[in-house]
Amino acid sequence: MDQVVVQLDGLPAVAAQRGIVHRGRPSAQSSGAGLLAVTLQDLRLEDGHRFVEVGACTGILCAAAALITRRQVTGVEIDPGVAREAAVRTAQAGIGVRMVARDGLRGLPDGPWDRVAGSFAVPAIPQAWLLRLAVGGVLTCTISTGAPGWHATAVIERSPDGTLGGRLRADTWGHVLARGVPWLPVPERPTVAARVRSSVLVPPDFRVRGFWVVLAHLLPGVRRHWPTDPDPDSTVVLVGEDGSRAHIAPDGSRAEVWGPRDLWAEVEQVHTRWSAAGSPTEFDLHFRDERQVVDGGTGLTWQLPGRDGGRSVC
Ligand SMILES: C[S@@+](CC[C@H](N)C(=O)[O-])C[C@H]1O[C@@H](n2cnc3c(N)ncnc32)[C@H](O)[C@@H]1O
């Protein structure tokens with residue numbers, strides 16, 4: 001079993017009075033086994049580390065962390081019912097997990113923490129988490145622009161002199177967005193005729209994750225859409241918040257574009273920049289004052305959204 005659903009439509013998936021419930025949309029579930037394994041690798045947990053997970057859900061990562069660190073760990077969870085159940089489950093298993101029901105974006109309890117795991121995706125690393133990261137500490141979380149599938153993993157360390165630095169890695173696995181934060185919207189398909197171009201960039205495979213992550217950040221507000229009635233030739237569909245849209249033939253023979261922008265022409269420009277920088281899949285992450293700057297080499301630097309909402313490309 002890869003993921004465990006603990007809540008359906010806001011109600012416990014297993015309730016004493018109702019038995020096991022099978023219907024409804026999952027509203028809380030564990031991370032996939034692959035994501036949990038990668039998170040544990042990135043965290044490099046050791047005996048005695050003070051550990052907190054933000055978005056602890058089932059408590060399974062907390063339980064693993066408590067067994068490795070051999071001390072009580074803390075899980076922060078926005079949903080009080082989910083937090084309560086995780087506390088009961090881990091206590092029944094005799095594992096030292098303290099669950100705190102609160103919005104983890106508003107701050108962490110106690111601290112400093114040697115290891116911080118963010119288990120939902122954020123547009124940039126919340127200052128509230130960085131403030132509580134101990135010297136020598138490691139923090140990991142998923143960074144997302146709200147474009148499904150185009151996420152990256154941030155691994156940050158605080159060095160002995162107190163400065164922060166880290167890496168951003170385009171990854172197969174990533175967490176879902178924070179509760180209440182929607183994915184980028186999918187505007188209606190325009191009814192007017194498309195502008196058509198031939199011989200365009202062949203859409204890179206979706207496993208070329210470094211490229212798609214760069215695209216997500218350099219063209220904020222753009223996402224891929226998977227129509228429920230896909231074209232038989234599996235056309236790649238990109239949509240922008242402003243109503244711009246592009247349908248690309250998988251062999252690059254044809255691009256149809258609608259709206260104020262030629263989205264595929266913009267994608268081609270980003271692809272040229274990414275290729276010129278050596279097609280990176282990992283990037284440096286620098287912290288300058290409160291700015292978080294991603295550096296992928298010459299011509300491929302951008303800033304994660306900050307307090308000023310800045311999405312600037314430098
Ligand atoms: C994908 S689950 C985490 C999975 C966890 N690692 C596990 O394997 O059980 C994400 C969890 O983050 C919680 N969450 C989302 N936004 C949150 C927030 N702002 N503060 C605290 N928890 C939040 C959700 O309720 C959900 O339970």
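In this predicted model, one aromatic cluster is formed by Trp 150, Phe 206, Phe 211, Trp 212 and Trp 274. The structure holds six aromatic pairs, and two of them are set out here.

| Pair | Distance of ring centres | Angle of planes | Arrangement |
|---|---|---|---|
| Trp 150 and Trp 212 | 5.2 Å | 20 degrees | stacked |
| Phe 283 and Trp 302 | 5.6 Å | 65 degrees | edge-to-face |

The planes of Trp 150 and Trp 212 stand at 20 degrees, so this pair counts as stacked. Trp 150 belongs to the loop between β10 (133-143) and β11 (152-158), whereas Trp 212 sits in helix α5 (residues 209-218); the pair therefore ties together parts that are 62 residues apart in sequence. Both Trp 150 and Trp 212 are buried.

For Phe 283 and Trp 302 the planes make an angle of 65 degrees, and the pair is therefore edge-to-face. Phe 283 is in strand β18 (residues 282-288) and Trp 302 in strand β20 (residues 301-303), so parts 19 residues apart in sequence are tied together. Phe 283 and Trp 302 are likewise buried.

As to the overall fold, the chain has six helices and 20 strands. Its radius of gyration is 21 Å, close to the 20 Å given by the globule rule for 314 residues, so the chain is as compact as a globular protein of that length. Along the principal axes, the C-alpha trace spans about 65 × 55 × 30 Å. Buried residues make up 50% of the 314 residues. Of the contacts with a separation of 6 or more, 54% involve residues 24 or more positions apart.

The chain exposes about 15,000 Å², of which carbon and sulfur atoms supply 53%. Its 33 positive and 33 negative charges have mean positions 4 Å apart.

Note on methods: Residues are numbered from 1 along each chain as its sequence is written. This is a predicted model: local features need pLDDT of at least 70, side-chain atom pairs count only at pLDDT 80 or more; totals for chains, interfaces and linings use all residues. Side-chain values use heavy atoms; hydrogens and water are left out. Helices (H or I, at least four residues) and strands (E, at least two) are DSSP runs, numbered from the N terminus. The radius of gyration is taken over C-alpha atoms; the globule rule is 2.2 Å times the number of residues to the power 0.38. Buried means under 20% relative accessible area, exposed over 50%, partly exposed in between (1.4 Å probe, protein chains only). Contact means heavy atoms within 4.5 Å. Accessible areas come from the Shrake-Rupley method with a 1.4 Å probe; for residues, only the protein chains shown count as cover. Lys and Arg count as positive and Asp and Glu as negative; His and the chain ends are not counted. The place of a charge is taken as NZ of Lys, CZ of Arg, CG of Asp or CD of Glu. Rings of Phe, Tyr and Trp (its six-membered ring) pair if their centres lie within 6.5 Å; planes under 30 degrees apart count as stacked, over 60 as edge-to-face and the rest as tilted.
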